[in-house]
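Open the model in your viewer and keep the sequence panel beside it. We will go from the whole chain to single residues, one selection at a time.

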Amino acid sequence: MTVRVRFAPSPTGYLHIGGVRTALFNWLWAKKTGGTFVLRIEDTDQARSTPENEQIILESLRWLGLDWGEGPDIGGAFGPYRQMERLALYDEYARRLIDQGLAYRCTCTKEDLEKARAEITAKDPKAQFRYPGTCRDKDHQPGDKPFVVRMKVPSDGAITYQDLVFGEVTTPNNTHQDFVLVRSDGVPLYNFGAVVDDISMGITLVARGRDHMINTPPQILLYQAFGAKLPQFAHLPMMLGADGAKLSKRHGAVSVGEYKNTGIPPHALLNYLSRFGWSFGDEEIFSLDDLVQKFDWERCGRGDGKFDQKKFAAVTFEHMKSANLLSDDAYLDALKGFVEARGLQFDRELAQRALPLVRERGQNWANAAELMDYFFREEPVFDEKARTKFLVPAVTAPLNAVADMLEKATDFTAPALEAAFQQLLAELGLEMKVLAQPMRVALTGRSASPGLFEVAVLLGARRSVARLRKAASLAQSTEGEKAQS
């Protein structure tokens, strides 16, 4: 049997990372089995669904590398792939159930239902309202009154299914009321639309968050009513905030677009999300190919997981610094936009040479661009605290002496420059610690950087000498602050 899985987001907002985890597990299973990953847009919430939101979802999935074999943008044999373009199909399926006596047209108004609810509450304030079946045995015809279509739920028996994660699950039928399938405007409710789509699209496995387990029994009733083969079900544990509450933006769980703008490598995000509900021994770091190879449902757990910002940052850093997880070319391709966002012209050859100095330090691409900033400028932007602390009158002459040394250097490599610098220190009677920080501030504008001489080599003789002269001038006079401002 060919595996067909789907991800069916609603275009009512940005793509949340909980949705990404669901998409990822479906995508991994499709890739591992040679199956098809279907993208379907559930846009029946017409008040909030927008083409712009749909585009954001598609762009987010593309950035993550979760490609699909069928979808609204590329079509496929089972389209259309937007629910609002499938209304005729839902009408056809609803009529089939009505004709078989498995569903019925209900003309109860909102006021009728409120009255019935009030009557039940008056008798028992704690009673949970259930539709009383007013129209269950009536034969309302189209055109009589506005109607919704309701499912005739059996009052006895139970639904039992085998969940790939949670094992055998049983739910008595009498816990369900006659639920609405189609609203009076012809738009399906979630359970009906999802089942009709999954049947007509040949979906073989439905994987989603365990918060959907409440939807599975009524959906199975619909599969049975249509005489359709059940797909497999896999319900995934929830992603929670550190406080155990439902994951939200206040826990640091932002949209995929915001992670992209922050400079998080997409595969680092997928790596971290894969560990919510799945594990492979003690391994924490995976490439996307690793995940495809190692993923299976047997290794999925039932326990909910808490979003940990520190662990997420650690996973991200592992991807940033490892060429096995993120090639130099991919690193530089992404870095370019973050450098240019700082108003700088990106020099790829220079960035390639600087990469070994930054790769072990950059926490994400935005941070890496900040760490490389001074390489792409004619003059560095000074950190004021560092400038005030280290560019003092006493270092004026030594900085000029270092500039003279660099101007005369015939071998402009880091080892040669360091050897010449040590000789200069001996001649000046100075210790390294006296001049190292002023030099660092002079060359980079900041008090922390990679090795001084590696930085000087990358800057080149001209810029290095000019920066040392400028710093010496600033150090010489209390007018330095005015000159810098």
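Of the 485 residues of the protein, 49% count as buried, where buried means under 20% relative accessible area, exposed over 50% and partly exposed in between, with a 1.4 Å probe and protein chains only. This is a predicted model, in which local features need pLDDT of at least 70 and side-chain atom pairs count only at pLDDT 80 or more, while totals for chains, interfaces and linings use all residues. Residues are numbered from 1 along each chain as its sequence is written, and side-chain values use heavy atoms, with hydrogens and water left out.

Switch to cartoon and you have 19 helices and 11 strands. Helices (H or I, at least four residues) and strands (E, at least two) are DSSP runs, numbered from the N terminus.

Stop 1: Select residues 4-7, which are strand β1. Arg4 and Arg6 point one way and Val5 and Phe7 the other, yet all are buried.

**Stop 2: a cis bond.** Move to the loop between α2 (51-64) and α3 (87-99) and pick proline 80. A cis peptide bond, with omega about 0°, links glycine 79 to proline 80. Most peptide bonds are trans.

**Stop 3: an open sheet.** Next, select β3, β4 and β7: these three strands form an open sheet in the order β3-β4-β7, with antiparallel pairing. The edge strands are β3 (103-106) and β7 (180-182), each pairing on one side only. On average, neighbouring strands here are turned by 40° against each other, direction ignored; the axes are lines fitted to C-alpha atoms, and angles run from 0 to 180 degrees between N-to-C directions. β3 and β4 (residues 148-151) share four bridges, and alanine 103 stands opposite methionine 151.

**Stop 4: a hairpin.** Select β5 (158-163) and β6 (167-172). They form a hairpin with three residues between them, paired in the antiparallel sense over six bridges. Threonine 160 has threonine 170 as its bridge partner. Colour the two faces of β5: Ile159, Tyr161 and Asp163 make the covered one, and Ala158, Thr160 and Gln162 the uncovered one.

**Stop 5: aspartate 197.** Which helix holds aspartate 197? Select α5 (residues 190-200) and you will find it there. Aspartate 197 is buried, with a relative accessible area of 0%. Its side chain makes a polar contact with the side chain of arginine 40 (3.4 Å); such a contact is a pair of N or O atoms within 3.5 Å, one able to donate a hydrogen and the other to accept it. Leaving out residues up to four places away in sequence, aspartate 197 touches Arg40, Gln83, Arg86 and Tyr90, with contact meaning heavy atoms within 4.5 Å.

**Stop 6: helix α6.** Finish with residues 216-226, where 10 of the 11 residues are buried, including Ile220, Leu221, Leu222 and Tyr223. Just after α6, glycine 227 has a positive phi of about 65°.

Definitions and conventions
Two strands pair if DSSP finds at least two bridges between them.
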